[in-house]
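Please read the numbered points alongside the sequence and the model.

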Amino acid sequence: MPFPTGFLTDLIDRNDIEDVVSAYVKLTKRTGANIFGLCPFHNEKTPSFSVVPDKHIFHCFGCGKGGNVINFIMEIENLSYPEAVRFLAKRAGMNMPDDKPDEQSMRRESILKLNKDAAKFFHEQLVSPGGAPARAYVDKRGISAGSIKTFGLGYAPDAWDRLVCAMRNKGRSDEELLDAGLAKRGKKGAGIYDAFRNRLIFPVIDINGSVVGFSGRLLSEGEPKYLNSPETPVFNKSRNLFAMNTAKKSKDDHIILTEGNIDVVTLHQAGFDSAVASLGTSLTPEQAKLISRYTNQVIIAFDSDPAGDAATDRAIRIFKDLDVRVRVLRPAGAKDPDEYIKKNGAGAFRKMLENSETHVEYKLFSALGKYDIKSDGGKVGFLKEASDILAELPGSVEREVYASRAAEMAGVSKAAVESEVKRRRSQKLGKAEKARERETMHPARFTWPGAGKIRYSNARSAAAEEGLIRLLCLEPALFEGLELPKPEDFSAPELRHIYSELTVRKHLGGKDMISAAGEYLSAEETGILTALMQKPEDPLNMQKALTDYAEIIKTEKEKSDGGADLRTIAAKYREKKGYGGQA
C-alpha cells in the first residue's frame, strides 16, 4: 500500500539529509550548494559523493547512486522502501500511518508537554513581583498587556536553576530538561542549570499550536543578545518562524517578514497581524516554503543596514524559486519596523507598506546606490547592471515597464535602455540555447556514467527526454493543457519509466511529486533522476525548452519508426528470395 504523499513530504522535511548522511559519511568540502565526501557505496580516493541540502538529495558522480534521504537509508542500511521509511519515521519521532506511538514519538510528546509547562512558568515569572526587570523592559519597548498575553511572553529569572527546580517539582527529570534544551550540564558534569537566564522569553509556537522552543532577549549588557533553543526532536529554527501560528490566520493577502521578535510584536500590536520573524537567521528555504503555504506574496522588512540588505538579496533569490511575489520595504529614517512605527505611527507604516517596492525596483535602487549617476562612467555602470537585472525578467511587459523606470533614474531615453536589455537578454538566451544544443547534439555526453551499466541507444532523444523530465519536476504547471510526448515515445526504457511515474503524479508538484514517485522507481532509476535534477535549466526560457525537447522526442521517434518499417520490408524481401534465417 503506498504511503500518503503528505506523510512522505513531512518525513523528508523532518529528516535533514545533511544530518542523516553525516552519521555515515564525513562531509568535508563545500562547493556552492553541494557538500562533498567520499562515497560510502564504492571505493574512491577523491570525493565525488555530493549532498544538496536545499534540494534534499544526494548523488555520487562516480557510481551514479542518488536520491532523497529515503533512498540513502535504503542503500546504506540495506533496507526495503517501507523499512527505510519506518527507520526515518522512528528517527524523527513520527507515527507511521495507522501505527501506534513508538518510543521516539513519545519522546517528542514528552518534550512538547515540558515546553508547555516551561512557557507557563516563564509567563508566571513575568507577572510576579520578581519579574519587575522584564516588565520595565517591556514597558520601555511599548509592548502592551494584550501583546504579552497574545504571544505568551515570559521572563527567565536572573538565577541559576529556578526553572530546573520548578520542573523537578512537577516530576520532570534532569535528562528530560536537557533533552528539551531547557537546561545545560555544569562543568565536569556537576548538575544542571537553566539555559535561559535574565531574558525576556518569546515562546516559539509551530503552526499546530505547540510550543516547540524558546527565544530569549537578554535584559542586560552581554552576548548573545538573542538566545534560541538548541536543536531538539521538536525544534529546528531553520524550519520555524516566530508568530507563524498567528500570521497564518491573517486576512491580509501577504506575509511581512522581519528580522526580530520585537518587530513582530510591535507590528501585530499596530494592526499588522501577518508579520513573522526568522529567529535570528537568514531566511532558509524551509522557512520560505512554510510561508508559501499560506500566501503568494511576501513583503520583506529587514533591518536597514548592510547585513539586512544582504539578507534581503538572499531572501529574494529563495522566494523566486517558489514563485512567490516579493516586495521590499525600506523604513526611511529608522533601522527597523519597530523603530519606524514608534517614530511615525501605524498610519505612516501602512502607507509605506502600500508603496513598498517590487523586488525589481529594490534591485534597481540598490544598483543606483553604487554609482555616481552624475558622471558618464557612473551612468554607464548603472545602466549595464540595470540591463542585466531586467534581462532576467521573463515577461516582456515587465521588461518594458522597468526599462522606463531605469531610464528615468539614469536620465536617458527608454529606447536606449530597451535596446541594451534586448541585447543582454539575447546574449543570455543564446548561451542557454547553445548549452542545450551541445547537450542534445553530442551523444557522447549522454552515456549514463553509473558504473557503465546504462548506455542510451538514441543519445539525442535521451537528452531531450532528460530535459522533459527535469522541467516536469521543476515547473509542472508548464505542462498544463499541452499535448506532450507519451511515455512510449521515449527511447530509453529507464527514462520512459521515470517519466511515466512522474506524469501520474504531476498534480502534486515539485518535491512532493518526486517523493511520491520514489516509492515506484528502482535504485538505478532514482540515481538517474537525481543526476539529471542537478543539471542546470535556464529559468528564462523554460517554455521554449519544453517545446524543443518535445519536438526532438517526436522527431527521433518518427525516425526510429521509419527505420523499423524499412527493416520489416527488407526482412520480408529476404524471406521471399529464400534468404531468411541465413547468417
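**Notes on the predicted model**

1. The lining of the second largest pocket comprises seven nonpolar, 10 polar and 11 charged residues (Ala, Val, Leu, Ile, Met, Phe, Trp, Tyr, Cys and Pro are counted as nonpolar, Asp, Glu, Lys and Arg as charged, and the others, Gly among them, as polar). A pocket is an open set of points on a 1 Å grid over the protein atoms alone, where a 1.4 Å probe fits, with protein on both sides within 12 Å along at least five of seven lines; lining residues have an atom within 4 Å of a point.

2. The model is predicted: local features need pLDDT of at least 70 and side-chain atom pairs count only at pLDDT 80 or more, while totals for chains, interfaces and linings use all residues. Residues are numbered from 1 along each chain as its sequence is written, and side-chain values use heavy atoms, with hydrogens and water left out.

3. The second largest pocket holds about 640 Å³ of space (the volume filled by probe spheres set on the grid points, which are joined across faces, edges and corners). Among its 28 lining residues, K225, Y226, E259, G260 and D303 are the closest to the centre. At least two lining residues come from each of β10, β11 (226–228), α11 (261–269) and α13. Helices (H or I, at least four residues) and strands (E, at least two) are DSSP runs, numbered from the N terminus.

4. In the loop between β10 and β11 lies P224. The peptide bond that joins E223 to P224 is cis, with omega at about -5°.

5. Strand β9 (residues 199–205) is mostly covered, with seven of its seven residues buried (under 20% relative accessible area with a 1.4 Å probe and protein chains only; exposed is over 50%, and partly exposed lies in between). In a regular strand, side chains alternate between the two faces of the sheet. Here R199, I201, P203 and I205 point one way, and L200, F202 and V204 point the other way.

6. Which strands pair with β9? Strand β6 (residues 154–156) is joined to β9 by three bridges in an antiparallel arrangement, and Y155 stands opposite L200. Strand β10 (residues 211–218) is also antiparallel to β9, over seven bridges, with F202 opposite S215. Two strands pair if DSSP finds at least two bridges between them. β9 and β10 form a hairpin with five residues between them, and G209 in the turn has a positive phi of about 90°.

7. Two residues other than glycine have positive phi: H56, near 60°, and N198, near 50°. H56 sits in the loop between β3 (49–52) and β4 (57–60), and N198 in the loop between β8 (192–194) and β9. H56 is buried because its relative accessible area is 8%; N198 counts as buried because its value is 11%.

8. An open sheet of five strands has the order β13-β12-β14-β15-β16, with mixed pairing. Its edge strands are β13 and β16 (357–358), each pairing on one side only. Two bridges join β15 (residues 325–328) to β16 in the antiparallel sense, and R327 stands opposite T358.

9. Helix α12 (residues 285–292) has E286, Q287, A288, L290 and I291 buried. These buried residues pack against α10 (244–247), β12 (255–258), β13 (275–277) and α13 (306–321).

Notes. Contact = heavy atoms within 4.5 Å.
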